[in-house]
Amino acid sequence: MSLSNEEIERYGRQMILPNIGRPGQLAIKQASVLVVGTGGLGAPVAMYLACAGIGTLGLVDHDTVAVSNIHRQVIHTEDSVGIAKTTSARQALERANSHVRYVEHNLLLDASNALDTLRPYDIIVDCTDNVPTRYLLNDACVMLGKPLVSGSALRFDGQLTVYHYHGGPCYRCLFPTPPPPETVTNCDDGGVLGPVTGMLGSLQALEVLKMVALGESAFAGRMLLADGLAGAFRTVKLRGRQKTCAVCGDEPTIKELVDYVQFCGARPDDKTKPVKM
Amino acid sequence: MSLSNEEIERYGRQMILPNIGRPGQLAIKQASVLVVGTGGLGAPVAMYLACAGIGTLGLVDHDTVAVSNIHRQVIHTEDSVGIAKTTSARQALERANSHVRYVEHNLLLDASNALDTLRPYDIIVDCTDNVPTRYLLNDACVMLGKPLVSGSALRFDGQLTVYHYHGGPCYRCLFPTPPPPETVTNCDDGGVLGPVTGMLGSLQALEVLKMVALGESAFAGRMLLADGLAGAFRTVKLRGRQKTCAVCGDEPTIKELVDYVQFCGARPDDKTKPVKM
Amino acid sequence: MVSLELRFSGGMELLFGGTKAVTVDVPLKAGAATMRDLLPWMRDHLLKERPELFMDGDSVRPGILVLINDADWELEGDLEYALKASDEIVFISTLHGG
Amino acid sequence: MVSLELRFSGGMELLFGGTKAVTVDVPLKAGAATMRDLLPWMRDHLLKERPELFMDGDSVRPGILVLINDADWELEGDLEYALKASDEIVFISTLHGG
Ligand SMILES: [Zn+2]
Ligand SMILES: [Zn+2]
């Protein structure tokens, strides 16, 4: 594989970084990344990865664009209200960079389709909005041996880590038991500011590029805790992989995907509900 | 001024934040913000402010879109290569939110036009790429009594602060003397990753929304230092306003805008040069 | 008495009356008392509502990450960690939104 | 001897052979020696190239922000700040790109 003159011109400002260079750009071109969720986090992740020249970019979403999405999901437009989010996102990305191969997965991920959907990709990016899908992605990534770049946001806060990478823990190592459904708030119910998802999604895209081009991440076994209201950032050390983990441990008890809705007692369907003001 | 049902639906997910609510959204709708530079930082700043429903959004740039911009300046598209950046940005923003009033300022800011350009706006966002324009914006903001939300990025690093706000210092309080031109590297020469500008620009937009809706910022008199390679963030306390400052001090010696190119010994024209690989 | 700095984020602060950070003198013996002692004391003296959203059995409920001096408490022995003066202990509700 | 943690960022590390952080025992007297003494020592012992890009007169050159224990050194007396053991001193080249 090589780079055309047009690609060298297009990506020149990232290729002149000493730790990217031509080898880094070629690695980016050869990489395939799956962005799960094309909402508040998925919008900047997809835009920055596409613009950086990722070879193949998969987009997973089952939802259609609603006008209440656009305040934070800046990849979608007024014209795309009502159409599939994957299609809306793909159209925006193609306008920005037609060199990338885009793959739409317009579906609700579940135990029946997750392994086949994730298998062709090198890195999975969790931009979802619900607990069952987060456990599903975690288990599927462990079973397939892929790293999971996980971001989340709510109100003014955000969290970021990379699971199952370079000996670090998986999501279940940290959270063997799902949270009680009544403690879980999604962005539709709790609210969120667009720039908070923008900051977290940008950081997820940055970790993907570092993993692809440099073979490393600052967030394997570490978690960023961002408080956008206070302007406070904290990076903390996490436990390592747990030998007793049900999915990535030495004697895993979960060897195939399970029913995550039942496991979490919550539904993965984050459909927009009317706002109570 | 009031909010239509369509606006309440569109902005609902930020209005349910207890510290935003209807009064915060009305303040956002009444605000006017000028984004100076529609490049790597300006792209996310403009997108998130437009999508959040800022009443009037001004866009300043003198440049046209080049294919080498798109890797980080994700507001621009392949179709807009060669056209004015302000026009390209405005077209993208109108697709996302047609409720906002956009004003294009397709010009190179200098001492002759800066005060008139900045005067109609409440808050100025510095997304520029050169030292002379940073001093120009600072001095103009002090003379007009406006806060300046300043971001910068290079390679994997970023810096953020809010100048001349709530008794905090201005740019000249920190840096009375400009840096020697040979120590200044812009993104075209030093390189930068798109997600780094994405993270910083998102944070600039977040501070603007907090200033508008809450009347406060976490970064008046404080600076965020972000190291994207190490995943390390540091927020530091800055000196207060300096009584001896040449522009915001007790006895200012600079009472009108000067020749910033001469003052800095550098040109504000950040035209793309060919990349040496 | 042991003086601790307690912090709450990610929504945990809502259970503690909106407090994001508090320095408290806890009537427990430094070097001897552990996290196992601190949690019920916090529940009884600081928690403002719904104890079941803070504790589950003798530990925190699932979905809360506890940090002791910027490290996951699992690295420090979790419930058996012996409290020292000036320890900073953070309780974070993990987020799932996007 | 005073043991200091020195950090370089924003491009400053390029003048110091790529070092981003170093703990050094500086042959200066804690409590007596100041930043005015540290800067020339750094220039003579740590700097790898182009001293004019680090110092200007007896201070740092314009465009460098100096932090002492996470605060702008101007708040600490800048050149007159008396060095203490374990001080963390950061030299940051300010960025202008966008
Ligand atoms: Zn595990
Ligand atoms: Zn000043």
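Mentor: Buried area is the accessible area, taken with a 1.4 Å probe, that two parts lose on being put together, summed over both. The model is predicted, so that local features need pLDDT of at least 70 and side-chain atom pairs count only at pLDDT 80 or more, while totals for chains, interfaces and linings use all residues. Residues are numbered from 1 along each chain as its sequence is written, chains are lettered from A in the order in which they are written, and side-chain values use heavy atoms, with hydrogens and water left out.

Trainee: What area is buried between chain A and chain B?

Mentor: The contact (heavy atoms within 4.5 Å) takes 70 residues from chain A and 70 residues from chain B. Carbon and sulfur atoms give 67% of the buried area. The area itself is about 5,800 Å².

Trainee: How many salt bridges are there between chain A and chain B, and which element gives the most to the side of chain A?

Mentor: A salt bridge is a side-chain nitrogen of Lys or Arg within 4 Å of a carboxyl oxygen of Asp or Glu, and the count between these chains is four. In one, B:Glu78 pairs with A:Arg10, the closest N and O atoms being 2.6 Å apart. Helices (H or I, at least four residues) and strands (E, at least two) are DSSP runs, numbered from the N terminus; among those giving two or more residues to the side of chain A are α1 (5-15) and α9 (194-214). With 13 residues, the element that gives the most is α9(A).

Trainee: Which residues of chain B lose the most area to chain D?

Mentor: The contact between chain B and chain D takes 40 residues from chain B and 28 residues from chain D. Together the two chains bury about 2,500 Å², 56% of it on carbon and sulfur atoms. On the side of chain B, three residues together make up 23% of what is buried there: B:Phe175, B:Arg234 and B:Arg239.

Trainee: Which residue of chain D meets B:Arg239 in a salt bridge?

Mentor: Across the interface of chain B and chain D the rule finds four salt bridges. In the one formed by the side chain of B:Arg239, the N to O distance is 2.6 Å. The partner is D:Asp72.

Trainee: Which element supplies the largest share of the side of chain B that touches chain D?

Mentor: The elements that give two or more residues to this side include α6 (131-144), β5 (148-154) and β6 (157-163) of chain B. The largest share is four residues, and it comes from β5(B).
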